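Student: I would like to learn how to read a contact surface between two chains. Can we take one case step by step?

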Amino acid sequence: MSSLLPVAALVAGAVGSGRLEGGWEYVWASYIITWVTCALYAFNLWRRRLASQAETELENREPSRDPARNPVEEMNR
Amino acid sequence: MPAWLTLIPLSLLVALFAVHLASPSARRWVWKVLAVQGLLMLISGAYLGLVWAPTEMMMGDVYRIIYAHVPLVWAALLGLGINAIGSIVYLAHKGWLTDCLCEASAEVGVLFGSLGVLLGAIWAKPTWGVWWTWDPRLTSAATMLIIGAGYLTLRRFIDDPDKRATWSAVVGIFSGVDLLLVWYSVKVWNSLHQVQSTQQTVDPNILRPMYWNAVGFLCLAFVFIWHRFVLARETRAREVALPSALPGGLPSTASVGGSR
């Protein structure tokens with residue numbers, strides 16, 4: 001019986017706490033991916049808004065356009 | 001962290017949203033306030049999630065992905081839900097502003113949903129041992145995103161604004177049906193994905209940072225949807241506004257007004 005004690009101690013030491021250890025690299029990867037993606041999308045949206053505003057101003061300056069008509073206001077009616 | 005603390009920024013978000021709807025002049029600054037609020041909440045939420053929240057009993061520190069994964073998925077469901085409801089409204093009462101809102105909410109919903117599913121896969125690897133499994137919730141979420149991506153692709157390939165709005169509205173409704181599947185899948189089927197956490201099943205110190213981050217992502221979602229909506233509105237105004245100098249003085253074929 002006493003000869004089994006070291007074996008029992010070895011087996012007990014190999015059993016984990018039942019809880020995942022570490023894994024911080026997964027956590028950091030998740031947060032970095034989230035923040036970078038949101039920042040890139042915000043930047044992309046800002047660039048698209050600028051381009052759209054420039055295009056709208058360009059079209060508003062065209063002589064064939066009816067100056068009395070404002071399609072954006074009409075959309076909001 | 002007291003339970004009522006998250007109610008303050010949530011109330012501010014709701015109040016500012018109401019002001020945004022009620023007052024056109026306020027729309028110039030409401031999104032800026034919510035952008036700052038969202039950013040501050042996400043920075044403090046990262047601290048709460050990564051440092052303040054306790055270690056989970058079985059998942060250790062890996063569970064901290066929950067503070068990004070769950071809020072992203074909630075925001076995605078909100079975005080795609082707005083798209084689904086907007087699609088039904090559009091088919092009932094056609095209006096360009098409704099179509100613009102559908103376009104905006106779909107794009108933001110697909111973005112946040114894709115991020116949410118990606119983070120779920122990153123979380124699954126150390127906990128389930130696999131990056132992906134054909135679990136009901138994961139499968140229905142992937143289906144919802146594929147339909148959402150199909151919605152956005154369809155809109156890119158149809159030039160006629162009227163057809164584009166109508167056909168994509170039909171697709172948007174399918175996305176909404178799948179959204180319900182995503183929500184109820186863990187309750188209806190025997191799923192590997194855990195069921196909804198509640199205050200009865202999870203330590204409040206784990207749940208409260210999640211609600212804090214959820215409000216932060218909601219603020220971010222509002223700002224994104226608003227700007228995407230304005231972009232869609234400007235594009236639509238250019239598409240449907242024909243120059244008056246047409247041969248024979250033909251009128252516009254599609255009215256730009258709110259309802260036809």
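Student: How many salt bridges does the rule find across the interface of chain A and chain B?

Tutor: A salt bridge is a side-chain nitrogen of Lys or Arg within 4 Å of a carboxyl oxygen of Asp or Glu. Across this interface the rule finds three. One pairs A:Arg49 with B:Glu234, with the closest N and O atoms 3.7 Å apart. This is a predicted model: local features need pLDDT of at least 70, side-chain atom pairs count only at pLDDT 80 or more, and totals for chains, interfaces and linings use all residues. Residues are numbered from 1 along each chain as its sequence is written, chains are lettered from A in the order in which they are written, and side-chain values use heavy atoms, with hydrogens and water left out.

Student: Which elements give two or more residues to the side of chain A that touches chain B?

Tutor: Helices are DSSP runs (H or I, at least four residues), numbered from the N terminus. Here the elements are α2 (24-60) and α3 (71-75) of chain A. The largest share, 21 residues, comes from α2(A).

Student: How is the size of an interface often given?

Tutor: As the accessible area lost when the parts come together. The probe is 1.4 Å, and the loss is summed over both parts. Chain A and chain B bury about 3,900 Å², 67% of it on carbon and sulfur atoms.

Conventions: Buried area = accessible area lost by both parts, 1.4 Å probe.
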